[in-house]
Amino acid sequence: MFRAPVWRAVTALAVIAISLILALVSAPRLGLDLRGGTQLVFETRDSPTVKADSAATDRALDVLRQRADALGVVDPTLVRSGERRIIVELPGVLDPRQAAEVIGRTAQLAFRPVLGNEGDVRDENGGQLRLGPAAITGDGIADAVQQSDPQRGPGWWVSIDFRDAGAWQRMSGAAACEPVGDPKRRIAIVLDDEVISSPPLDPSIPCRTGIPGGSADITGSFTHDEARDLAVLIKGGALPVPLTIVEQRTVGPTLGAAAIDASAKAAVAGLVLTAAFIVAVYRLSGLLSTLALACYGLISYAALVAMGATFTLPGLAGFVLAIGMAIDANVLVFERAREEYDQGRGRRGLKAALDRGFRNAWSAIADSNVTTLIAAGLLFWLASGPVKGFGATLAVGVLASLVSAMLITRVLAHAVIGRVGPRLSGLGSPGAVRTWLTRRNPQLMKARRLWLAIAGTLVAVAVAGLLARGLNFGVEFTGGRLVEFATAKPLSADAAGQAVSRAGFPSAVVQASGDGVTVRAGQLGLDGVARIEQELERQAGEVTKRSDEFVGPSLGEELRRNALVALGVAVSMQLAYLAIRFRWTFGAAAVLALLVDVTVVAGLFAWLGKPIDGIFLAAMLTIVGYSVNDKVVVFDRVRELWSPRSPFVTAVNSAILQTMPRTVNTGLGALFILLALMVFGGDSLRDFALALVTGIVTGTLSSAFVAGPLAVWLARYDRKPPPGPPVKRRRVSGAVV
């Protein structure tokens, strides 16, 4: 009896110490939506000579990495995703046109002789040229660098070193044999089938001798940036296969800083409100669990930075949300301990009641956390970008909450409980909710047809919204571009819409609120964004681009399909888990009630016209995990109370009443966090919080008023007998003869 508490205490101290060290020595890795920059997702395409397989994509990745390094981007991230996709993150690069032009350009470079003026190729000045076949390609370039020299005059040029000096000397020597002024004395430098420079050779270059030394200069009216970008393209080499941008996101640094500030305020406000609530309900035990929650925050943060996880805006929301969900295990333990102390009328003592509370609550805690981990795993597996970070953060938060509740809270409680009175401990009274329910003992299951009728009405209203108004899918699922501008002066929606129409996009969806204008369109390129920005500046003064998000139509269709697959797989896996863990009728009742929750949330967003995007998908899968979590707790108690001597409907009614205090306290703890997100978060976080608030409220109510009645109705089709009473081991004492 002595060794277990000691080893728990040593383990808890070790976990806290390691987490503290990791948190101090490791710096968090912020996503682009928090620090500003551009993310580009390229997809490789087959060329006439090369198939876009994983090997070709890896070679393209090496070329892109050289280009990003040559651009001077600090800490760029380039990774291959799947067989054909490359994700490029460029912190601090806020001009997606420049990033896409330099990073993703095919860059097929060639030096070609000029055969005359009567061709169909235009030179850099707009004249006509007829070109011969390429004499030197990009593979023959050893180095390229931008240069300037005031003694040669203003402007920049690109100096090139060739791998084969003889090839360049032969080419320039052949052109030097043509008379001065003849177009054949020119050499065309062609990049991606476009002549960027076609200078004539100097008259001093002798015929057939050419230019020795293996170097040349590309001259033209280049600015510093143009010369640098051209040198980057030439030096980086040609891409082995063409690339197409299928997704692009650009976030300004001010928006990222505001998101961090909003998330920090939400975390502090939510944690303070949750701590005050749990201390008010559970007194000293609540204070100890609040300390454990602080350790939970440290453990989960340390785990994320140690894993090298990228903190994104949805990830921060998941981190804040997991704080509210982390109290669930503490509440389950405390409520079971209250029951044990009340049933034993204090004869067993607080420590014994607390031990039994931890032991009896473990089954429900394990089952409920497994269901949440299923949802988090599906987010990480099927989602992309920031939503994937939300899944990782949520999974780490669930595991850290287990350590917080089952280890740290237990160590702290064992060190204090037993040395204080029952009233101060918070475990000596059943609580106001349990006392009221025990005194009234409402027979909720007698009105089960009424509850199901009300649920059916809510579903009908939600379905009507889905049919009448449809879902407002964001660009993430439909493809297109979504740009958010900040304006110096407020603009009305009509004025903003007229400005966007003048820019050439009359069918774009334009929204204006305060100092912000949002433009969404299916066919909107980077040049179109620049035109819209110019038109808005004429109306509202200075305009700053806060964010720019582009998703290609093929990727949007894929993301939409993956979202449906994620929801379907989540429901199927949790039905299978519940059927194995309990019985099929419990699983079916839980999943049907879950569908009610999901339909109500989707219907609400349809009626309000809220966007359906990756953040909404994260919220829906979180609702799936939370709702099933709640139903697992109820059905775990049903299994415990149901016996051959007790009718099933009575066991369901009693289980709902006995778990109601836990349900109310856990729901309120999570709602404090979500309300803080709604108050302090931006528009996307408010929509995220709105979906979760609706899901938690409906999920809590559906556990009692939908899942319970459905389980009673389905029980008639289940021939499996009720579970027998648990077998108690008898302690044998006496002498051995």
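Is Phe586 buried or exposed in this predicted model? Phe586 is buried, with a relative accessible area of 3%. The legends below start from the whole chain and return to this residue in the views of the core and the aromatic rings.

**Figure 1. Overview of the predicted chain.** The chain holds 21 helices and 20 strands. Of its 737 residues, 51% count as buried. When contacts between residues at least 6 apart in sequence are considered, 77% of them join residues at least 24 apart.

**Figure 2. The largest nonpolar core and a second, separate one.** The largest nonpolar core has 69 residues, and Phe635, Val638 and Phe648 are those with the most contacts inside it. At least two residues of this core come from each of H9, helix H17 (553–581), helix H18 (584–608), helix H19 (614–641), helix H20 (648–680) and helix H21 (683–714). Leaving aside residues up to four places away in sequence, Phe648 touches Phe586, Val638, Trp642, Ala711, Val712 and Ala715.

**Figure 3. Aromatic rings around Phe586.** The count of aromatic pairs comes to 11. In the pair of Phe586 and Phe635, the ring centres lie 4.8 Å apart and the planes meet at 15 degrees; planes under 30 degrees apart count as stacked, so this pair is stacked. The pair links distant parts of the chain, with Phe586 in helix H18 and Phe635 in helix H19, 49 residues apart. Phe635 has a relative accessible area of 3%, so it is buried, the cut-off being under 20%. The rings of Phe586 and Phe648 have their centres 6.0 Å apart and their planes at 20 degrees, so this pair is stacked as well. Here too the pair links distant parts of the chain: Phe586 is in helix H18 and Phe648 in helix H20, 62 residues apart. Both Phe586 and Phe648 are buried. One aromatic cluster is formed by Phe586, Phe635, Trp642 and Phe648.

**Figure 4. The open sheet S8-S9-S12.** Three strands form this open sheet, in the order S8-S9-S12, and the pairing is antiparallel. Strand S8 (141–147) and strand S12 (215–222) are the edge strands, each pairing on one side only. From one strand to the next, the twist averages 20 degrees. Five bridges connect strand S9 (residues 156–162) with S12 in the antiparallel sense. Ile160 has Ala216 in S12 as its bridge partner. Strands of a sheet pair through backbone hydrogen bonds, either parallel or antiparallel.

**Figure 5. The hairpin of S10 and S11.** Strand S10 (residues 187–191) and strand S11 (residues 194–197) run antiparallel and are joined by three bridges. Val190 has Val195 in S11 as its bridge partner. Two residues lie between the strands of this hairpin, and Asp192 in the turn has a positive phi of about 55 degrees.

Figure 6. The side chains of Gln39 and Glu89 are joined by a polar contact of 3.2 Å. What does Gln39 touch, not counting residues up to four places away in sequence? Gln39 touches Leu32, Ile87, Val88, Glu89, Glu247, Gln248 and Arg249.

**Figure 7. Two exposed residues, Ala27 and Trp381.** Ala27 lies in the loop between helix H1 (3–25) and strand S1 (29–30). Its relative accessible area is 65%, over the 50% cut-off, so Ala27 is exposed. Ala27 and Ala306 are 279 residues apart in sequence, and their C-alpha atoms are 9.2 Å apart in space. Trp381 is found in helix H9, residues 350–382. With a relative accessible area of 58%, Trp381 is exposed. The C-alpha atoms of Trp381 and Ala392 are separated by 9.7 Å, and these residues are 11 apart along the chain.

Notes
Residues numbered from 1 in each chain as written. Predicted model: local features only at pLDDT ≥ 70, side-chain atom pairs only at ≥ 80, totals over all residues. Heavy atoms only, no water. Pairing = 2+ DSSP bridges. Helix = DSSP H or I, 4+ residues; strand = E, 2+ residues; numbered from the N terminus. Buried < 20%, exposed > 50% of the residue type's maximum accessible area, 1.4 Å probe, protein only. Axes fitted to C-alpha atoms, helices over the stretch in contact; angles between N-to-C directions. Polar contact = N/O pair within 3.5 Å; in protein donor to acceptor, adjacent residues only side chain to side chain. Contact = heavy atoms within 4.5 Å. Core = buried A, V, L, I, M, F, W, Y, C linked by side-chain atoms within 4.5 Å. Phe/Tyr/Trp six-rings, centres within 6.5 Å; stacked < 30°, edge-to-face > 60°.
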